[in-house]
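Open the model in your viewer and keep the sequence panel beside it. This tour goes from one selection to the next.

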Amino acid sequence: MRFSVKRNSLWSVTIDRSNIGDASEPITFDVERGAIVRLAEAIGDDQPAYADGTAAPPTFPTTFNFRLPVPSLRAIDPARFIHGEQEYEYERPLRAGDRITCVTKIADANEKETRLGTATFVVVETEGRDQAGELVFTGRATLIVR
């Protein structure tokens, strides 16, 4: 079965190097024990610290990402995005009870030729800081905009 993507007013929006540095507003998230346990169950990770909700699995910040809109990315039809890769670098583990303030920004953007034509590869970087303002994690994702 094939699905077509209907062109609309969001189709002509593009991302390029001029968008580097565009960032979301800071948003604070509570790391809740129940959310940690649910994620650990969903991904099938039975590590004791995750199962009892005291520490979060490394991919936990992914649950924050969809609520961190970068203005220039929000203007693009979501049907044009492909998630390329994701990585996290930690200064310390996330723990239940943490209040993490996150900001997401466009760190890089480059056009590349693919078998299907030109695509823009956008690197989005998220920093998460604790209540004391200390960096807890940096997440990087590559989004492919077709």
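## Start on a strand pair

Select His83: Leu143 in β5 stands opposite His83. Before moving on, note that this is a predicted model, where local features need pLDDT of at least 70, side-chain atom pairs count only at pLDDT 80 or more, and totals for chains, interfaces and linings use all residues. Residues are numbered from 1 along each chain as its sequence is written, and side-chain values use heavy atoms, with hydrogens and water left out.

Now widen the selection to β2 and to β5, residues 135–145. The two run antiparallel, joined by 9 bridges. Two strands count as paired if DSSP finds at least two bridges between them. Helices (H or I, at least four residues) and strands (E, at least two) are DSSP runs, numbered from the N terminus.

## Zoom out to the chain

Show the whole chain as a cartoon. The protein chain has 4 helices and 5 strands. Along the sequence they follow the pattern β-α-α-α-α-β-β-β-β. The C-alpha trace spans about 45 × 40 × 25 Å along its principal axes.

Colour by burial next. Of the 146 residues in the protein chain, 36% are buried. Buried means under 20% relative accessible area, exposed over 50%, and partly exposed in between, with a 1.4 Å probe and protein chains only.

## Walk across the sheet

Select the five strands together. They form an open sheet in the order β1-β3-β4-β5-β2, with antiparallel pairing. β1 (27–30) and β2 (81–90) stand at the edges with a single partner strand each, so one side of each has no neighbour in the sheet. From one strand to the next, the twist averages 30 degrees. Axes here are lines fitted to C-alpha atoms, for helices over the stretch in contact, and angles run from 0 to 180 degrees between N-to-C directions.

Pick β3, residues 99–114. β3 pairs with β4 in the antiparallel sense over 13 bridges. A hairpin of 2 residues joins β3 to β4. Click Cys102: its bridge partner in β4 is Gly128.

Stay on Gly128. Gly128 also stands opposite Phe137 in β5. Move to Arg129, whose bridge partner in β5 is Leu135. Strand β4 (residues 117–129) and β5 run antiparallel, with 10 bridges between them. Their hairpin has 5 residues between the strands, and there Gly133 takes a positive phi near 85 degrees.

## Stop at β5

How many of the 11 residues of β5 are buried? The count is 9, so β5 is largely enclosed by the rest of the structure.

Select Thr142 in strand β5. Thr142 counts as buried because its relative accessibility is 15%. Leaving aside neighbours within four places in sequence, Thr142 is in contact (heavy atoms within 4.5 Å) with Ile82, His83, Gly84, Glu85, Phe121, Val122 and Val123.

## Look into the pockets

Switch to a surface view. A pocket is found on a 1 Å grid over the protein atoms alone: an open set of points where a 1.4 Å probe fits, with protein on both sides within 12 Å along at least five of seven lines, and lining residues have an atom within 4 Å of a point. Grid points are joined across faces, edges and corners, and a volume is the space filled by probe spheres set on the points.

The largest pocket has a volume of about 590 Å³. It is lined by 21 residues; select Asn65, Phe66, Leu68, Leu73 and Leu143, which lie nearest its centre. α3 (62–65), α4 (71–74), β2, β4 and β5 each supply at least two lining residues. The lining divides into 12 nonpolar, 7 polar and 2 charged residues. Ala, Val, Leu, Ile, Met, Phe, Trp, Tyr, Cys and Pro count as nonpolar, Asp, Glu, Lys and Arg as charged, and the others, Gly among them, as polar.

Finish at the second largest pocket, with a volume of about 190 Å³. Select Ile82, Thr114, Leu116, Gly117, Thr118, Ala119, Ile144 and Arg146, which line this second pocket. β4 gives the most to that lining, with 3 residues.
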